[in-house]
Amino acid sequence: MTAEDEALAGGMLNAGAVIRRGALVERPAPRHARALHAYLLGLRERGFDAAPAPVALTADGRERLTFVPGDVPLPPFPHWAMTGAALASVGSLLRRLHETGKALPADARADWPRDLADPEGGTMLCHNDACPENVVFRDGRAAALIDFDMAAPGRPLWDIAMAARYWVPMLDPASADALYPVGLDAPARLRILADGYGLPAEERADLPGVIEQATEVCRAFVERRVADDDPVYLQALADRGGWERWDRVRTWLADHRQTFRAALLG
Ligand SMILES: Nc1ncnc2c1ncn2[C@@H]1O[C@H](COP(=O)(O)OP(=O)(O)O)[C@@H](O)[C@H]1O
Ligand SMILES: [Mg+2]
């Protein structure tokens with residue numbers, strides 16, 4: 001690192017390894033970086049500019065992307081990032097990504113990561129990790145998605161479910177209040193996200209079940225990280241209430257399935 005370099009805060013997988021250098025960001029390249037850069041270029045060619053532009057892959061296994069100016073919400077998440085307007089804008093940004101991405105079928109030869117991928121697969125790429133730390137805001141609205149490391153083929157509904165987990169959030173109230181402004185109304189917010197996306201009525205009834213499925217995939221991901229003694233994930237698990245929290249979330253989601261369906265369809 002030189003004097004002008006700035007380590008960027010926000011991530012867990014590449015914690016400490018993401019460096020801003022002026023207009024560029026340099027970070028460890030995922031193993032499927034070539035296919036991912038081709039996808040990111042394809043998005044831009046089709047007029048989608050709400051993602052970093054890929055610039056280079058270095059010989060030492062890093063990638064360079066454009067830095068996206070704006071504010072990235074970091075935990076504990078600030079109020080400005082959790083307004084209804086912010087939430088609706090996340091939905092519409094995800095929709096724009098999917099509408100453009102539909103024209104860019106996922107490279108079937110690429111080794112897309114399975115970590116957070118839709119078990120049912122698909123032909124288009126989902127971002128899969130549209131958490132607040134991976135969204136850049138400008139003027140209170142979601143302006144860009146970053147960190148496509150986990151992108152993989154899947155159903156669009158899977159990406160909405162993943163975004164809902166982080167943005168509603170789809171957490172029991174005690175878990176949510178520990179990281180988000182207190183007292184968020186989960187059913188109402190799930191509806192705002194779906195409306196912002198423009199989710200068709202016929203897909204709404206399935207969303208609560210897909211959120212439960214996505215939550216299990218995320219839990220299994222954390223279980224693998226913890227089994228590998230990943231210090232960042234061990235610390236985060238301990239700080240956030242251990243496996244009991246994951247159990248509580250599972251029960252809460254199942255208990256409120258009908259409430260979420262009613263909010264989405266009512
Ligand atoms: N292209 C970018 N433009 C603006 N900010 C970025 C960019 N890439 C990363 N960041 C900032 O750095 C943080 C960590 O980077 P990220 O690529 O998400 O790492 P990780 O893989 O560890 O999640 C992000 O939360 C964001 O604040
Ligand atoms: Mg990230």
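**View 1. The buried residues of helix α5.** A186, R189, L190, R191, I192, L193, A194, G196 and Y197 are the buried residues of α5. A residue counts as buried if 20 or more other C-beta atoms lie within 10 Å of its own, as exposed if 12 or fewer do, and as partly exposed in between, with C-beta atoms placed from the backbone. This is a predicted model, in which local features need pLDDT of at least 70 and side-chain atom pairs count only at pLDDT 80 or more, while totals for chains, interfaces and linings use all residues. Residues are numbered from 1 along each chain as its sequence is written, and chains are lettered from A and ligands numbered from 1 in the order in which they are written.

Because nine of its 12 residues are buried, α5 is largely enclosed by the rest of the structure. The elements covering these buried residues include α2 (84–101), α3 (156–167), α6 (201–204), α7 (207–227) and α10 (257–265). Helices (H or I, at least four residues) and strands (E, at least two) are DSSP runs, numbered from the N terminus.

**View 2. Helix α5 from end to end.** The helix takes in residues 186–197, and its first and last C-alpha atoms are 16 Å apart, close to the expected 16 Å at 1.5 Å a residue. The expected span is 1.5 Å times one less than the number of residues. Just after α5, G198 has a positive phi of about 80°.

View 3. β2 (residues 19–21) pairs with β3 (residues 24–28) in the antiparallel sense, over three bridges. Two strands pair if DSSP finds at least two bridges between them. I19 has E26 of β3 as its bridge partner. The two strands form a hairpin with two residues between them, and G22 in the turn has a positive phi of about 65°. β3 is also joined to β5 (residues 62–66) by five bridges, and this pair runs antiparallel. Here V25 has L65 of β5 as its bridge partner.

**View 4. P54 and strand β4.** P54 lies in β4 (residues 54–57). P54 is buried, because 21 other C-beta atoms lie within 10 Å. Leaving aside neighbours within four places in sequence, P54 is in contact with H37, L40, L41, E63 and L65. Contact requires the C-beta atoms of two residues, placed from the backbone, to lie within 7 Å. L65 of β5 is also the bridge partner of P54. β4 and β5 pair in the antiparallel sense over three bridges, and they form a hairpin with four residues between them. In that turn, G61 has a positive phi of about 85°.

**View 5. The boundary between the domains.** The domain assignment, which is automatic or from a database, gives domain 1 (6–66) and domain 2 (79–265). Across the boundary, 20 residues of domain 1 are in contact with 25 residues of domain 2. The side of domain 1 that touches domain 2 has 14 nonpolar, four polar and two charged residues. Ala, Val, Leu, Ile, Met, Phe, Trp, Tyr, Cys and Pro count as nonpolar, Asp, Glu, Lys and Arg as charged, and the others, Gly among them, as polar. The centres of the two domains, taken over C-alpha atoms, are 21 Å apart.
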